[in-house]
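Take a walk through this model from the overall fold down to single side chains. Keep the sequence and the 3D view side by side as you read.

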Amino acid sequence: MHALRRLRRESRHVVYDLLLWVALGVFIAAMGPDPFRDPAGFAMVTVPRMGLAAVAVLVGRPFPLAALVLLLPLGPWQFSEGFATVDLSWLLPRRNVKILPLLATSPYIMWYAYLTGRRLARAWPALAAFGMISLVGVGAVLAQGRDLALWVSMATAIVGTYLVPYLLGLLRRLLLQQRRQTRLSVEAQARMRERARIARDMHDSLGHDLALIAVRAAGLELAPGLAPEQVKAAGELREAAADATERLREIIGLLREESDAAPLSPVGEDVAELVRRARDSGMSITLDLSPGPVPDLAKPVVQEALTNAAKHAPGAAVEISVSPDRIRVRNGPPRT
């Protein structure tokens, strides 16, 4: 399935590149000699340019900077046509100065300049390429007469055709990177919250169960008629359960976030079922449930209180009172 998707994607890329080369070839042909009136000039000028464009399109998808360099001979170095004409007679001898000279191939060059900023992570290759582009622009000005107006046209051509699209691509890449980092940060926070929730549930449920095991072991330890070895084993079981509860608290504490709110709804059993299980383990508990809705926090509060009572006051009588606006848990002195 993945191979088929990759094949389809590569096929689309081939079609797009072929269409791009055809369109670029049409514009290149329009810039050169007429193939019917001057076939020799067409073969000498246009055909090599179309071959150069084919190579640029071929390498332009994985290496847009290479395509940008290959298309340098087709750059905006003819300063007769421009995006705008301005009057700089207050500064230059000439009145009509071309700003941002354009050729038929300029949109394609802008596209590869944009892709260079969009995909190229390192800056120094782009700086080297822009240095080469500047040298070509200087050579074009020197070859056409060194007029100050030509320098203005050349500078605006480099800025508008190469630099601005590159900066737009660079800005796009930085924005996408920031968006990706934000998404990863949100996902990491969601994972941390989920880990904290799981850790909280593990602490509440396992800690409570270990505390009930300790209560049962304490009751067994005090049961009459047991041999000394059995009493010792029951005491060791109680101490092991208490130690396991403490280790669980320490380990789960590494996964919990103190800023996490307590769960807003009970998970699993309700308060009455929780108290019933604790009574079955040997705890003496009195439960008073007032009429009305039970608060969402009742179960985790009661569960934590029973766990602490079983651990720190074994054998103590526990009184639990739950009303719609109040939860109260009290225990007496531990049984000695």
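What percentage of the residues in the protein chain is buried? Buried residues make up 30% of the 336 residues. Keep in mind that this is a predicted model.

Start with the fold. The protein chain has 9 helices and 5 strands. Read from the N terminus, the elements run α-α-α-β-β-α-α-α-α-α-β-α-β-β.

Now turn to the record. UniProt, in an unreviewed entry, places the feature "transmembrane region" at residues 14-33, 63-79, 123-142 and 148-171. Two of these spans can be checked against the model. Residues 123-142 are 95% helix and 0% strand. The end C-alpha atoms of that span lie 29 Å apart. Residues 148-171 are 100% helix and 0% strand. Here the end C-alpha atoms are 33 Å apart.

How do helices α5 and α6 meet? Look at the aromatic rings. The whole structure holds 4 aromatic pairs. One of them joins Phe 130 and Tyr 166 in an edge-to-face arrangement. The ring centres are 5.3 Å apart, and the planes make an angle of 75°. An angle over 60 degrees is what counts as edge-to-face. Phe 130 lies in helix α5 (residues 124-143) and Tyr 166 in helix α6, so the pair ties together parts that are 36 residues apart in sequence. Both partners are covered. Phe 130 is buried, with a relative accessible area of 15%. Tyr 166 is buried too, at 9%.

Stay with helix α5 for one more residue. Val 141 belongs to this helix. Its relative accessibility is 0%, so Val 141 counts as buried. Val 141 and Val 152 are 11 residues apart in sequence. In space, their C-alpha atoms are 9.8 Å apart.

Next, the surface of helix α6. Which residues form the nonpolar patch? They are Val 159, Leu 163, Val 164, Leu 167 and Leu 168. Together they have about 380 Å² of accessible area. Leu 167 sits in helix α6, which covers residues 148-221. With 43% relative accessibility, Leu 167 counts as partly exposed. Tyr 166, by contrast, is buried at 9%.

Charges come next. Side chains of opposite charge can pair when their charged atoms come close. How many salt bridges does a search of the whole structure find? The search finds 3.

Asp 17 and Arg 61 make one of them, with 2.9 Å from N to O. This pair links distant parts of the chain, 44 residues apart. Asp 17 is in helix α1 (residues 2-31), while Arg 61 is in the loop between α2 (39-60) and α3 (64-70). Arg 61 is partly exposed, with a relative accessible area of 28%.

Arg 183 is partly exposed at 44% relative accessible area. Glu 187 is partly exposed as well, at 34%.

Arg 276 is partly exposed at 39%, and Glu 273 is partly exposed at 28%.

Two stops remain. Helix α4 (residues 106-119) has 14 residues. At 1.5 Å a residue it should span 20 Å, and its end C-alpha atoms are 20 Å apart, so the two values agree. Which residues of α4 are buried? Ser 106, Tyr 108, Ile 109, Tyr 112, Ala 113, Leu 115, Thr 116 and Gly 117 are.

The last stop is a backbone angle. Most residues other than glycine have a negative phi. Leu 100 has a positive phi, near 55°. Leu 100 is found in strand β2 (residues 96-101). Its relative accessible area is 18%, so Leu 100 is buried.

Terms used
Residues numbered from 1 in each chain as written. Predicted model: local features only at pLDDT ≥ 70, side-chain atom pairs only at ≥ 80, totals over all residues. Heavy atoms only, no water. Patch = residues over 30% accessible without salt bridge, like charges linked within 9 Å, V, L, I, M, F, W, Y side chains within 5 Å. Areas by Shrake-Rupley, 256 points an atom, 1.4 Å probe, with all protein chains shown as cover. Salt bridge = Lys/Arg side-chain N within 4 Å of Asp/Glu carboxyl O. Helix = DSSP H or I, 4+ residues; strand = E, 2+ residues; numbered from the N terminus. Buried < 20%, exposed > 50% of the residue type's maximum accessible area, 1.4 Å probe, protein only. UniProt positions renumbered as here; feature names shortened; annotations may be inferred. Phe/Tyr/Trp six-rings, centres within 6.5 Å; stacked < 30°, edge-to-face > 60°. Expected span 1.5 Å × (residues − 1).
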